[in-house]
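Reader: Please show me the sequence and the structure, and then take my questions one at a time.

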Amino acid sequence: MGRKLLLEKAHVEGIRHYDVYRREGGYRSVEKALKMQPADIVEEVKKSGLRGRGGAGFPTGMKWSFLAKPDGVPRYLVCNADESEPGTFKDRYLMEFIPHILIEGMIVASFALGSNTSYIYIRGEYDWITDILEEAIAEAKQNGWLGKNIQGSGFDCEMYVQRGAGAYICGEETALLESLEGKRGNPRIKPPFPAVKGLWGCPTVVNNVETLAAVVPIINEGGDEYAKIGVGRSTGTKLISACGNINKPGIYEIDMTISVEEFIYSDEYCGGIPNGKKLKACIPGGSSVPILPANLLLTTAKGEKRLMNYESLSDGGFATGSMMGSGGFIVLDEDQCIVRHTYTLARFYRHESCGQCSPCREGTGWMEKILLSLEKGKGKMSDIDLLWDIQRKIEGNTICPLGDAAAWPVAAAIRHFRDEFEWHVNNPEKCLTENYGLRHYADPIHVPTN
Amino acid sequence: MIQFNDKTMLRVNEIIARYPVGKQKSALLPVLHLAQVEFGGWLDVPVMDYVASLLSIEPIEVYEVASFYSMYNLKPVGKHLFEVCQTGPCMLNGSDDIIDYIKQKLNIGVGETTADGMFTLKTVECLGACGYAPMMQYGKTYREHLTKEKVDAIIEECRAKAN
C-alpha cells in the first residue's frame with residue numbers, strides 16, 4: 001500500500017473541524033513556513049518536483065518563481081476549485097472532508113508569494129462545500145492562522161471563497177480571473193500571463209486545490225523527501241478519482257509507481273469491473289484526454305506495463321498513449337458504446353464553449369450533431385472523415401485549451417474505435433430499434449484483443 | 001419594489017468588502033446567487049437592474065453575465081428544480097434511464113415545468129460527482145446513486161414539503 005500524504009487523516013472522526021485537525025498535526029507547516037524566507041519556501045516546492053494537479057502538470061515551484069513583484073502592487077493567490085472536468089471529483093473530496101488542509105496550504109503559499117488577500121474560486125454547484133470552507137476559514141481565523149499578524153509573524157492574510165455559477169471554462173485560469181472580476185468567463189489572450197497581469201491587472205498565481213494541499217507535506221517533510229516518493233518527474237502522491245464501470249468508484253491517493261492494471265483490478269483500488277465484464281476502454285485523466293482501448297491502456301506500444309504516472313500514461317504520444325490530466329479515471333466495460341459516450345462528451349464541450357473563438361464555437365456544435373446522427377444510425381461513412389477533419393481544425397486554433405480538450409476525445413475515439421463508428425453506419429436498423437447506443441450490442445462487437 | 005431584506009443586504013455588503021475599493025463588480029456572481037434565491041428562483045429583468053444599481057454597474061454588465069452561466073435561470077422555474085447530469089460518466093451508469101423516468105413520472109419534457117408549478121426538470125453537464133452516478137442537483141446539495149425508487153422518494157419528499 002502506497003504512502004498517503006493528503007488523505008492520511010481523512011478518516012479521523014471530526015477532521016473537518018479545526019480542533020481535531022490541529023490535534024492531528026495540522027498547521028505545523030504554517031508554523032515552519034513563517035520562520036522561513038519566502039524565497040526558500042519557493043525553493044522547497046521547486047525541489048519537491050510538484051506538478052500542477054489541475055490537469056496541465058506544470059511545475060508549481062517554477063510557476064511561483066515567475067510571479068512579478070513590482071513595488072507597491074498587490075499580489076494575489078487564487079485557488080482554482082472550479083473542478084468541472086468530467087470524471088474529476090477529487091478536489092471536492094478534499095474540500096468537503098479535510099477543508100483545513102487546503103487552507104493550511106494556501107496560507108503557506110500566500111506567505112511565500114506575498115499575497116495578503118487570497119481567494120478560493122469554487123464551482124457554483126458545490127454550494128454546500130462553500131459553507132464548509134467558509135466555516136473552516138472562520139475557525140482558522142479565530143485561532144490566529146488568518147487575519148492580521150498571523151502567529152505574531154507580522155504577515156497579514158485574508159481568505160475568501162467565491163462561488164462560480166456553472167461554467168466549465170472558468171477552470172481555465174484566465175477565464176477564472178475574468179469570472180472573479182464579475183465578468184463572463186472568456187479566456188484572455190496570453191501573454192501577459194497571470195503571473196504578470198492577473199486578477200485586477202495585478203500579479204497572480206492560480207493553483208489547483210490538490211496542488212495547494214500538497215504544499216503542506218512538502219513544507220513539513222522538505223522538498224527532497226517529497227521528491228523521493230514516486231518515480232522520475234512524477235513525484236509525490238496523486239489523487240485519482242475513479243468512476244465509470246468499476247466496482248469501487250471513489251478517490252484514491254496513489255504514489256504513481258503502481259500499474260494501471262493493478263489500479264483497475266486490485267481490491268485496494270477500483271476492485272475490477274462489475275458483473276465479471278471485460279474492460280473495453282478507459283479515459284485515464286479526465287474527459288479531455290485520449291481514450292485508450294484496453295490493450296494500449298494496460299501495456300505501452302513497447303510492450304511495457306503502463307504505470308499510473310505522467311510519463312507512462314503519455315508514453316507513445318497520442319498515437320498509442322494518453323495523459324495523466326486531472327486524474328479523472330473513467331472506465332468503460334465491454335457493453336458500452338464508444339460513439340454514444342463520445343457524443344455525450346462532444347455535447348458537454350459544445351455546451352461549455354465560451355463562444356469567443358469560431359473554431360471551437362462552431363466546431364463543437366458540428367461534432368455534437370454529427371456524432372448524434374451517427375449514433376442514431378443516420379450517419380454516412382463520409383461523416384467519420386468529416387468529424388476527423390473538424391477536430392483537426394479546432395485543435396491548436398483557439399485562445400484557450402478548451403478547443404484541444406474538445407478535439408482530443410473525438411480524435412482518439414476515431415483513431416482507436418473506427419470500426420465501431422463504421423458499424424453504426426452499416427447497421428442503421430439496429431441503431432434505430434433501441435434508444436441507447438450502449439444497447440446496440442446484443443453481442444459486444446469490440447472487445448480489444450492483442 | 002425589489003429590495004433585499006436586511007439580512008441579505010448585510011451579506012451583500014460583506015461580499016463587496018472582500019475586494020479592493022472600486023472593484024465591487026467582482027461581487028456580481030455571488031450577489032446574483034443571492035438574488036435568485038430571494039426573488040423566486042430566477043432572475044427577471046427588474047431584479048438584474050436592481051443588482052446593477054447595487055453594484056454601481058450598467059444593467060448590460062449584469063445581463064451578459066446572467067446569460068453566460070448555466071446556474072442563473074432567466075425564466076421562471078418550478079418550486080423544486082431537478083438538475084440531472086447526463087455527461088459521459090453518468091451516462092455509463094444509466095442517467096438516460098433516470099431522465100426518462102422523471103420525464104414519464106412528472107409528465108414533462110426536459111426544460112419544462114409541471115402545470116402546478118411544482119417541478120422543473122433540467123439536464124445539466126458534469127457536476128463533479130462521477131463516482132456517485134447517476135446523480136442530480138436538488139437545492140443546495142447533490143442526490144447521488146439515483147435509482148427509480150430514490151427518484152420516487154425525492155418527489156414524495158417535495159410533495160410532503162408542499163403540504
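This is a predicted model: local features need pLDDT of at least 70, side-chain atom pairs count only at pLDDT 80 or more; totals for chains, interfaces and linings use all residues.

Reader: What share of the residues of chain B count as buried?
Author: A residue is buried if 20 or more other C-beta atoms lie within 10 Å of its own, exposed if 12 or fewer, and partly exposed in between, with C-beta atoms placed from the backbone. The C-alpha trace of chain B spans about 50 × 35 × 25 Å along its principal axes. Of the 163 residues of chain B, the buried share is 40%.

Reader: What percentage of the contacts in chain B with a separation of 6 or more is due to residues 24 or more positions apart?
Author: Two residues are in contact if their C-beta atoms, placed from the backbone, lie within 7 Å. Among the contacts in chain B with a separation of 6 or more, residues 24 or more positions apart account for 54%.

Reader: What distance separates the centres of domain 1 and domain 2 of chain B?
Author: Domain bounds come from an automatic or database domain assignment. For chain B they give domain 1 (6–66) and domain 2 (80–162). Taken over C-alpha atoms, the centres of these two domains of chain B are separated by 29 Å.

Reader: Are α2(B) and α3(B) parallel or oblique to each other?
Author: Two packed helices are described by the angle between their axes and the distance between the axes. Axes are lines fitted to C-alpha atoms, for helices over the stretch in contact, and angles run from 0 to 180 degrees between N-to-C directions; under 35 degrees counts as roughly parallel, over 145 as roughly antiparallel, 65 to 115 as roughly perpendicular and the rest as oblique. The axes of α2 (residues 28–38) and α3 (residues 45–54) of chain B come within 11 Å and cross at roughly 140°. The relation of α2(B) to α3(B) is therefore oblique.

Reader: How many nonpolar residues does the contact of α2(B) with α3(B) have?
Author: B:Val31, B:Leu32 and B:Ala35 in α2(B) meet B:Val47, B:Val51 and B:Leu54 in α3(B). Ala, Val, Leu, Ile, Met, Phe, Trp, Tyr, Cys and Pro count as nonpolar, Asp, Glu, Lys and Arg as charged, and the others, Gly among them, as polar. With no polar and no charged residues, the number of nonpolar residues in the contact of α2(B) with α3(B) is six.

Reader: Is the crossing of α6(B) and α7(B) left-handed or right-handed?
Author: The axes of α6 (residues 95–106) and α7 (residues 148–162) of chain B come within 10 Å and cross at roughly 40°, so α6(B) and α7(B) are oblique to each other. A crossing is left-handed if the near helix is turned anticlockwise from the far one by less than a right angle, and right-handed if clockwise. The crossing of α6(B) and α7(B) is right-handed.

Reader: How many charged residues does the contact of α6(B) with α7(B) have?
Author: On α6(B) the contact is made by B:Ile98, B:Tyr101, B:Ile102 and B:Lys105, and on α7(B) by B:Lys148, B:Val151 and B:Ile155. Beside five nonpolar and no polar residues, the number of charged residues in the contact of α6(B) with α7(B) is two.

Reader: Why is A:Ile283 classed as buried rather than exposed?
Author: A:Ile283 is in strand β9 (residues 279–283) of chain A. Not counting residues up to four places away in sequence, A:Ile283 touches A:Gly87, A:Val289, A:Ile291 and A:Ile330. A:Ile283 is buried because the number of other C-beta atoms within 10 Å is 32.

Reader: Which element gives the most to the side of chain A that touches chain B?
Author: The contact takes 46 residues from chain A and 36 residues from chain B. Elements of chain A that each supply at least two residues of that side include α7 (127–142), β3 (158–163) and α15 (338–352). With six residues, the element that gives the most to the side of chain A that touches chain B is α15(A).

Notes
Residues are numbered from 1 along each chain as its sequence is written. Chains are lettered from A and ligands numbered from 1 in the order in which they are written. Helices (H or I, at least four residues) and strands (E, at least two) are DSSP runs, numbered from the N terminus.
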